[in-house]
Amino acid sequence: MNQSLKITDILALGFMLFAFFLGAGNIIFPPIAGQFAGDNVFPAMMGFLATAVGLPLATIIAIAVAGGSWDHLTEHLPKRAAVVMAVLIFVIIGPAFAAPRTGLVAYEMAIKPFLADAAQMQLTMFSILFFAVAVFFAWSQGKLIDVIGKVLTPALFIGLIVLAGAVFIDPQGEILAAQGEYLTHPLQKGFLEGYNTMDTFGALMFGVLIVDALRQKGITSQKATSKYLISAACIAAVGLAFVYISLFYLGATSSAVAAGADNGGVVLSLYVQALFGPYGQVVLSIIVLLACLTTAIGLISACSDYFSSLTPLSYKQWVVINGVACAVVANVGLTQLIALSVPVLFALYPVAIALIALTFMRNKLANPAMAYRVVILVALLFALIDAAKVAGLDMSALSLLPLFDVGMGWLLPTAAAMVCMMFIGQSEQASLAQDNA
């Protein structure tokens with residue numbers, strides 16, 4: 001069987017993955033971060049790129065290295081723990097937070113500006129229509145690569161190139177001084193802001209979708225699957241980096257047109273209107289609608305694929321269930337949804353990072369089964385402390401933890417646990433080998 005793809009198919013695969021990633025959070029968070037970062041925009045942007053581009057890329061590569069599936073990635077964890085982790089991640093990127101956010105951002109940035117008297121009813125009607133379209137495209141799972149990679153994404157990318165070119169050719173203001181935490185630790189603040197994209201969680205699941213798309217194209221060997229999975233990840237990473245750098249610079253030069261904006265959607269909307277005049281909002285609406293729709297399709301498809309493997313319900317039944325759930329949750333409002341999601345992200349992101357790191361260290365661990373349990377548990381316990389702090393609980397008693405003040409108290413304990421587990425467990429492994437002999 002032919003185990004190779006044409007260049008156009010590889011590019012379509014990469015564009016498909018890029019489109020899945022580029023959704024609501026990717027558009028609304030960089031502009032406001034860039035505005036607050038001001039003259040510290042470069043280190044802030046580097047921190048953001050680490051979590052919003054570097055980690056998703058590393059995640060896709062880890063999936064390829066591990067064998068191409070979630071089960072391979074978590075084979076050294078207890079089966080029940082791996083399932084619980086997967087379910088939590090799918091709930092977060094699916095009907096609980098990320099997927100409904102795509103509909104909310106699409107409404108707030110692409111539809112609401114054209115409504116003279118926007119009310120809850122308009123949001124409800126748009127949510128139903130938006131997720132009905134997403135369900136329609138997600139319905140034919142095997143055709144995703146053609147619909148997303150070859151049709152929707154090129155249109156999206158052209159719009160983003162036009163916007164990025166205009167931002168760099170005609171910036172709308174001067175870069176001012178950094179504000180808040182971007183003044184004292186811009187790199188760490190940018191790193192944590194990258195959590196909001198949820199792309200590392202998405203990568204854990206989108207990688208499996210790419211593997212399914214490859215199988216539809218006749219690619220079944222492990223070597224070829226890994227090769228094309230990594231190729232797609234690199235194409236998507238380049239595209240994401242291009243978008244983020246443009247949006248950070250947009251935010252940093254937005255002081256004259258969007259001073260006092262309270263979120264990145266407002267910054268981006270005002271900036272685009274300043275660049276393109278009365279037609280600016282139309283340009284932005286097209287970009288936002290396409291970006292949010294492609295991500296919603298990918299999230300609904302990934303969640304439905306996984307939940308159908310756990311339950312008697314079929315993939316198409318889960319597509320409908322997830323679509324309806326997303327439409328319902330989207331009606332809580334963007335601000336409330338973001339506020340609810342932040343503590344959850346602080347609790348689970350370090351666990352995902354630890355899992356990815358362990359995948360690359362697998363051959364150096366003295367006892368992989370023990371190492372995965374210990375490191376994941378350490379990451380979770382210390383991440384819960386950071387999450388509690390972000391949620392508003394008084395955690396000052398633990399302020400002596402390194403990096404606690406910047407919301408990364410989990411990092412050094414987790415890294416130390418990884419190093420220790422390169423040596424701990426050797427005696428058990430040796431005894432097991434002797435017993436088997």
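Trainee: Which element gives the largest share of the lining of the second largest pocket?

Mentor: α11, with six residues. The model is predicted, local features need pLDDT of at least 70, side-chain atom pairs count only at pLDDT 80 or more, and totals for linings use all residues. Residues are numbered from 1 along each chain, and side-chain values use heavy atoms, without hydrogens or water.

Trainee: What makes a residue part of a pocket lining?

Mentor: An atom within 4 Å of a point of the pocket, which is an open set on a 1 Å grid over the protein atoms alone, with protein on both sides within 12 Å along at least five of seven lines. By that rule 19 residues line the second largest pocket, and Trp70, Val208, Asp305, Tyr306 and Ser309 lie nearest its centre. Two or more residues each come from α4 (70-73), α5 (79-96), α11 (199-216) and α15 (280-310); such helices are DSSP runs (H or I, at least four residues).

Trainee: What volume does the largest pocket have?

Mentor: About 1,000 Å³, where volume is the space filled by probe spheres set on the grid points. The second largest pocket holds about 340 Å³.

Trainee: Which residues lie nearest the centre of the largest pocket?

Mentor: Phe29, Ile32, Asp262, Asn263 and Ile338, out of 45 lining residues. α17 gives the most to this lining, seven residues.

Trainee: How do the lining residues of the largest pocket divide?

Mentor: Into 24 nonpolar, 13 polar and eight charged. Asp, Glu, Lys and Arg count as charged, Ala, Val, Leu, Ile, Met, Phe, Trp, Tyr, Cys and Pro as nonpolar, and the others as polar, so Phe29 is nonpolar and Asp262 charged.

Methods. 1 Å grid on protein atoms, 1.4 Å probe; cavity = no way out; pocket = protein on both sides within 12 Å on 5 of 7 lines; lining within 4 Å.
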